Amino acid sequence: MQRNQLVNMIYVSKSGIVTKRRIKIIKIVGDSFQVFCFTRNEKRTFIINNGL
């Protein structure tokens, strides 16, 4: 992932709800990344998790 990159991602909430998101990466810090989410039209922070 790179700053300003546009990405389509599948997001799974803590409650297990799955949504498809279109995002623009703002910055990556440790195990999380800050984005602008076009689905929500706001800045969001997501945790990087490969599901393992």
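# Cut-offs behind the labels

Mentor: In the hairpin of β3 and β4, with four residues between the strands, Asn41 takes a positive phi near 55°. This is a predicted model: local features need pLDDT of at least 70, side-chain atom pairs count only at pLDDT 80 or more, and totals for chains, interfaces and linings use all residues. Residues are numbered from 1 along each chain as its sequence is written, and side-chain values use heavy atoms, with hydrogens and water left out.

Trainee: What makes the positive phi of Asn41 worth a remark?

Mentor: Most residues other than glycine have a negative phi. Asn41 is not a glycine, yet its phi is about 55°. Asn41 is found in the loop between β3 and β4.

Trainee: Why is Asn41 called exposed?

Mentor: Exposed means over 50% relative accessible area, buried under 20%, partly exposed in between (1.4 Å probe, protein chains only). Asn41 has 57% relative accessibility, so Asn41 counts as exposed.

Trainee: How do you know that β3 and β4 are strands that pair?

Mentor: Strands are DSSP runs (E, at least two residues; helices are H or I, at least four), numbered from the N terminus. Two strands pair if DSSP finds at least two bridges between them. Residues 32-37 form β3, residues 42-47 form β4, and six bridges join these strands in the antiparallel sense. One of those links sets Cys37 against Glu42 of β4 as bridge partners.

Trainee: Which order do the strands of the sheet take?

Mentor: The order is β1-β2-β3-β4, in an open sheet of four strands with antiparallel pairing. β1 and β4 each have a single partner strand, so they stand at the edges, with one side left without a neighbour in the sheet. On average, neighbouring strands of this sheet are turned by 50° against each other, direction ignored. Such angles rest on axes, lines fitted to C-alpha atoms (for helices over the stretch in contact), and run from 0 to 180 degrees between N-to-C directions.

Trainee: How many bridges join β2 and β3?

Mentor: Six, in the antiparallel sense. Ile23 has Cys37 of β3 as its bridge partner.

Trainee: What makes the nonpolar core a core, and which residues does it hold?

Mentor: A nonpolar core is a set of buried Ala, Val, Leu, Ile, Met, Phe, Trp, Tyr and Cys residues joined through side-chain atoms within 4.5 Å. The largest one has eight residues: Val7, Met9, Ile23, Ile25, Phe33, Val35, Cys37 and Phe46. β1 (6-12), β2 and β3 are the elements that give two or more residues. β3 gives the largest share, three residues.

Trainee: What is Val7 in contact with?

Mentor: Contact means heavy atoms within 4.5 Å. Leaving aside neighbours within four places in sequence, Val7 is in contact with Arg21, Arg22, Ile23 and Ile25.

Trainee: Why is the aromatic pair of Tyr11 and Phe46 called edge-to-face?

Mentor: Rings of Phe, Tyr and Trp (its six-membered ring) pair if their centres lie within 6.5 Å; planes under 30 degrees apart count as stacked, over 60 as edge-to-face and the rest as tilted. The search of the whole structure finds three aromatic pairs. For Tyr11 and Phe46, the centres are 5.1 Å apart and the planes 65° apart, hence edge-to-face. Tyr11 lies in β1 and Phe46 in β4, so the pair ties together parts that are 35 residues apart in sequence. Phe46 is buried at 4% relative accessible area, whereas Tyr11, at 23%, is partly exposed.

Trainee: What are the values for Phe36 and Phe38?

Mentor: They are 5.1 Å centre to centre with 75° between the planes, again edge-to-face. Phe36 has 26% relative accessibility and counts as partly exposed. Phe38 is partly exposed at 38%.

Trainee: Which residues do ring pairs link into a cluster?

Mentor: Tyr11, Phe33 and Phe46.

Trainee: What makes the link between Thr19 and Arg21 a polar contact?

Mentor: A polar contact is a pair of N or O atoms within 3.5 Å; within protein, one must be able to donate a hydrogen and the other to accept it, and residues adjacent in sequence count only if both atoms are side-chain atoms. The side chains of Thr19 and Arg21 meet at 3.0 Å. Thr19 lies in β2 (residues 18-29). Its relative accessible area is 25%, so Thr19 is partly exposed.

Trainee: Is Ser13 buried or exposed?

Mentor: Ser13 is buried, because its relative accessible area is 18%. Ser13 sits in the loop between β1 and β2. A polar contact of 3.0 Å joins its side chain to that of Ser15.
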